[in-house]
Amino acid sequence: MTGGQAESDEELARSVQRGDRQALERLVRRYVRPVHAVVAAFLTEREAIEDASQETFLRALQALGRYDSRRPFAPWLYQIARNVARNQRAAEGVRRAEPFPADGPAAREPPPDVAAERSEMRTRIEERLMRLPEQRRTAFRLVDVEGMSAEEAGRIMDLSPGTVRSHVHHARRQLRQILGEYAGDTRNTVTRKSATGNKGG
Amino acid sequence: MSDDEDFGAPPLPREWLPERLPPEEDAVWDERVARVMAAAPLEGRRAEGRSGPDQTSWLSEMGRWWRPAAALGAAAVVALILVVEEPERTRSSAVPAEALALTVVATDGDPVALWAALGVAADPLLALLALENHEAIGAPSGPSTPSGREPR
């Protein structure tokens with residue numbers, strides 16, 4: 001996210017501490033997507049994710065006077081995002097997962113059967129994802145959903161790449177169990193449909 | 001992307017995963033940034049930002065440097081004591097020749113009176129010899145008094 005950029009996160013943070021508004025905008029632009037991704041590991045509704053992301057930046061700005069710029073900025077911001085999202089999740093309770101762009105045009109593209117199956121699987125996976133341990137869930141979200149490398153995710157989460165890979169590995173295995181459950185459910189449904197069709201025909 | 005990395009377990013089918021966020025260059029992020037910036041009261045943060053980190057860093061710098069600074073201060077005090085004490089010791093241990101000559105004048109050339117002025121009870125002959133010996137050398141090399149004792 002910051003590779004090859006002229007100013008480091010920490011330099012920008014120091015400028016913001018001195019009241020540089022342009023530095024603040026660059027910092028927000030740099031982290032707006034990663035913060036959304038982290039928050040999305042805790043919350044499922046789009047509006048809640050946006051609110052929590054905004055709240056994260058505002059709280060970070062409030063706390064910036066206490067930020068020690070000798071320490072890396074990304075994990076510091078990640079902690080704030082995590083706390084905000086965790087609190088919001090606790091306040092609202094875990095609602096049923098609603099796919100992030102459920103009403104987007106991409107969701108209407110595939111044939112109805114495929115779309116229904118996809119939607120069903122997404123719902124199941126997202127529900128199961130929310131029950132995973134926090135770090136495992138976040139690592140999975142950043143790497144497998146948002147496409148970050150283990151290094152990038154580790155830099156944000158303040159973990160080694162190896163630890164991130166381990167979290168992703170376990171998350172994949174746990175979520176893959178859903179495939180088996182889903183296959184069993186589908187077989188039962190098809191069997192019931194066939195039985196009903198045979199009776200009717 | 002993570003596909004190239006070894007995670008030990010194959011990734012789940014992409015179409016079953018939650019939707020990925022829009023890419024970084026998408027206009028939606030411009031809107032989000034603008035929203036954050038509109039809500040950010042930077043003027044209020046300026047003073048806090050200045051006082052907070054400056055104080056913290058000043059204190060932390062003090063914390064890092066107090067040991068070398070204390071050592072340097074102690075060394076300076078020791079050096080000062082040595083520099084001040086050395087002339088004191090020099091003045092008290094040796095009687096300069098000029099002071100002795102003035103004393104000779106003050107005692108009107110009487111060797112016994114001269115040594116008496118320096119606190120030494122002297123034999124008249126020895127006092128004279130000792131004085132002559134001192135003037136010939138310029139400065140006494142050791143305890144060269146008519147009584148053989150150190151002057152006070």
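In this predicted model, the axes of α3(A) and α4(A), the latter being residues 73-92 of chain A, approach within 9 Å and cross at roughly 135°. Axes here are lines fitted to C-alpha atoms, for helices over the stretch in contact, with angles from 0 to 180 degrees between N-to-C directions. Helices are DSSP runs of H or I with at least four residues, strands are E runs of at least two, and both are numbered from the N terminus. The two helices α3(A) and α4(A) are therefore oblique to each other; angles under 35 degrees count as roughly parallel, over 145 as roughly antiparallel, 65 to 115 as roughly perpendicular, and the rest as oblique. The crossing of α3(A) past α4(A) is right-handed, that is, the near helix is turned clockwise from the far one by less than a right angle.

Which residues of α3(A) meet α4(A)? Among them are A:Ala48, A:Ala52, A:Glu55 and A:Arg59, while the α4(A) side includes A:Leu77, A:Ile80, A:Val84 and A:Gln88. By class, this contact of α3(A) with α4(A) holds nine nonpolar, two polar and three charged residues. Ala, Val, Leu, Ile, Met, Phe, Trp, Tyr, Cys and Pro count as nonpolar, Asp, Glu, Lys and Arg as charged, and the others, Gly among them, as polar.

Turning to the two chains together, 44 residues of chain A are in contact with 33 residues of chain B (C-beta atoms, placed from the backbone, within 7 Å). On the chain A side, α2(A) gives the most, with nine residues. The side of chain A that touches chain B comprises 19 nonpolar, nine polar and 16 charged residues.

Chain B itself has five helices and zero strands. Of its 152 residues, 14% are buried, meaning that 20 or more other C-beta atoms, placed from the backbone, lie within 10 Å of the residue's own.

How confident is the prediction for chain A? The pLDDT, the predictor's confidence in each residue from 0 to 100, averages 82 in chain A, and 78% of the residues score at least 70. Over residues 96-108 of chain A, the pLDDT is below 50, yet this stretch has 19 contacts in the model beyond near neighbours in sequence.

Residues are numbered from 1 along each chain as its sequence is written, and chains are lettered from A and ligands numbered from 1 in the order in which they are written. As this is a predicted model, local features need pLDDT of at least 70 and side-chain atom pairs count only at pLDDT 80 or more, whereas totals for chains, interfaces and linings use all residues.

Note on methods
Buried ≥ 20, exposed ≤ 12 C-beta atoms within 10 Å, placed from the backbone.
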